[in-house]
Amino acid sequence: MRVLAKGKTFTVHAIAGTEVVLLGMDAKPNAVAGLLGFTIQRTGPKSKKKWLRGGKTFSDLQLSEKQPADSRTFPIQSMLWGDYEVDAKQKYRYAVTAQFGTPTAMEARETVEVEIETEDPDNPKIKHGIYFNRGVAGSQAYARRFGKNVRYYLSEKNGRKEWKDYIKPDGVPDREAFIWLSRGLEEGLLKFIAQAKGERYQLRACVYEFNYLPVIQAFADAVESGVDVQIIHHAKSTKKKQVGRGGVIKIVEELDSEARSALKAISEIGIRDWKNTSRWMNVVSRRTDTTIAHNKFIVLLKDGKPEQVLTGSTNFTAGGIFGQSNVLHVIREPKIAAQYLAYWEYVKAYEAQVQGLAKPGAKKVGKVPQWIIEQQADLTGPPPADSITTIFSPRPSTAMLSWYAEQLAAAKQSVHFTAAFGVSQPIGESLMGDTDGQVLRYTMLESRPSKKSSDDRKEAARAKKKPVPIDFWDLIEKPWNRVAYGDVLSRKAVEARENERKYRESLAGVNVNVDFLHTKYLLIDPLSDDPIVISGSANFSDNSTTKNDENMLIVRGDTRVADIFLTEFMRLFNHFRHRNEENQLHQKAGSEDVTTESLSPNDSWVKPYFDPKSQQYSERKLFSGSR
């Protein structure tokens, strides 16, 4: 939902998702002389009022215990601000006041009020239900709420062991940390499964990492209620050497760690009624003939007819639900659910054939990639207007990666891209391609490689005459690229701001490989009237396109879907970018003399927002609603 409110000299453009409201401020150029910033007051349900707060203070104005740390004392010096403490399906009113004067004697001149309502992901009458988890365990809010539960744990990552501090949610009473981190995602997932109750319903699922017991229990409860549940899970085998009698070495196969973990978790579920034990034993079948069975989707059927599908980036694990950033996307559209069901049924039939489990007389089926391309050819040109297009993998070629890159290059306003596992070559080249200076390209990464490792990687590629990979260091060289990567405030950055009540930030310790960013989506002109949202399980990589089982949705023309994805993207992007900048100030040894960035005591902060050569100028225009 988008609402533009106009004052005499200032405007406020509000954009609402489910649990985020973005506020884009704008002003006439002759009205910003002496502008010190904005105070923002939110009025929510039952007329409850709250003053929003920024992350900076005036360096010469010390914060006392009784002094409010919100925008009344420390105005927000940005033309874009986000409110991340709102609830879904609620109405909010924002009063944004332009403040002039000095830090100790601010002068309010003009107030613009805007009212907006957040989206409801649970409304069964709305086609799309979208749930994002918190994705920011390493935050001031998490530390403030649960920091007393911090502990040090001996952790291993990339072959290295070290003691790390975590605020693990299972150490917090009453599941409070789990609920805060889930932010409705766990509840949405369990609610989707619980819709199936009784013999008239069926559930068909494809899963990768699958060991979160409450989700598995929800499937078991469905089985016990009479639901026909069938789940295809990743079950790849790995080979290893084993020493037998007499020292004879033989090669044996065993399931990989993801498959073993899933089967172990399934075996821990208890069944109430004896007659359902055999039904539960037949729920799971194995997906073996693929590189990674990376799907995470569930199709809901009633009386054999597909009605809804749940998909997205979320693995059914504690790490997927409560740790790294993830999204669940429910599509209440029988036509789309039918396409997912057809894919599921073909994979099931093919695996039965491969494993010798096909029923006598069953029709022989061909390779999965060939069937996929027959159902949906690689796209050429823009997707149809006001459409939802499904793209399944593995596909015979990487043509869809080039298509994604072409859509990115054709953006007229902005691009917003999450790259958890690096930037694929075609998309990277589009991100590096020239623009007219008006199109901003936002990229969010899981991490930033060191400059040395980046250079070494590129040199190795050149030596082998392969395409030189594009990464963080390339992207930041272009003035139209805004880049952020997963981060928490370092100890030095926190210590430098102790007088501002900053807290040591720690992750939740529920992830092994990916700590921050696991979403896979690309937004093209999300604030236009004709946005494109591309999202699903695939990492926009060669392997995801041609080797793995994956699914993607391409949604064109739905501004509600675009608003939800955009607000969540900017929530995370600004969260991480702030930490990137703070940590860079304090990363060098002996940097105690580094001056932490503070609020400007005058209007100098606003000048970049009116400089056509700056990123701030383009961002102001983008979010102001003037385009």
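**Close-up views of a predicted model**

**View 1. Strands β21 and β22 run side by side.** Strand β21 (residues 414–419) and strand β22 (residues 440–445) are parallel and are joined by six bridges. Here H416 sits opposite Y442 in β22. Strands (E, at least two residues) and helices (H or I, at least four) are DSSP runs, numbered from the N terminus, and two strands pair if DSSP finds at least two bridges between them. A word on the model itself: it is predicted, so local features need pLDDT of at least 70 and side-chain atom pairs count only at pLDDT 80 or more, while totals for chains, interfaces and linings use all residues. Residues are numbered from 1 along each chain as its sequence is written, and side-chain values use heavy atoms, with hydrogens and water left out.

View 2. Angles run from 0 to 180 degrees between N-to-C directions, and axes are lines fitted to C-alpha atoms, for helices over the stretch in contact.

View 3. A cis peptide bond links S393 and P394, with omega about 10 degrees.

**View 4. Helices α3 and α4 pack together.** The axes of α3 (residues 185–194) and α4 (residues 213–224) are 9 Å apart, at an angle of about 15 degrees. The two helices are therefore roughly parallel (an angle under 35 degrees). Meeting across the contact (heavy atoms within 4.5 Å) are E186, L189, L190 and I193 of α3 and P214, V215, A218 and F219 of α4. By class, seven of these residues are nonpolar, none polar and one charged (nonpolar: Ala, Val, Leu, Ile, Met, Phe, Trp, Tyr, Cys and Pro; charged: Asp, Glu, Lys and Arg; polar: the others, Gly among them).

View 5. S47, in the loop between β4 (37–43) and β5 (49–51), has phi near 60 degrees. S47 is exposed, at 57% relative accessible area (exposed means over 50%, buried under 20%, partly exposed in between; 1.4 Å probe, protein chains only). D303 lies in the loop between β17 (297–302) and β18 (305–312), with phi near 55 degrees, and is partly exposed at 43%.

Methods: Angles under 35 degrees count as roughly parallel, over 145 as roughly antiparallel, 65 to 115 as roughly perpendicular and the rest as oblique.
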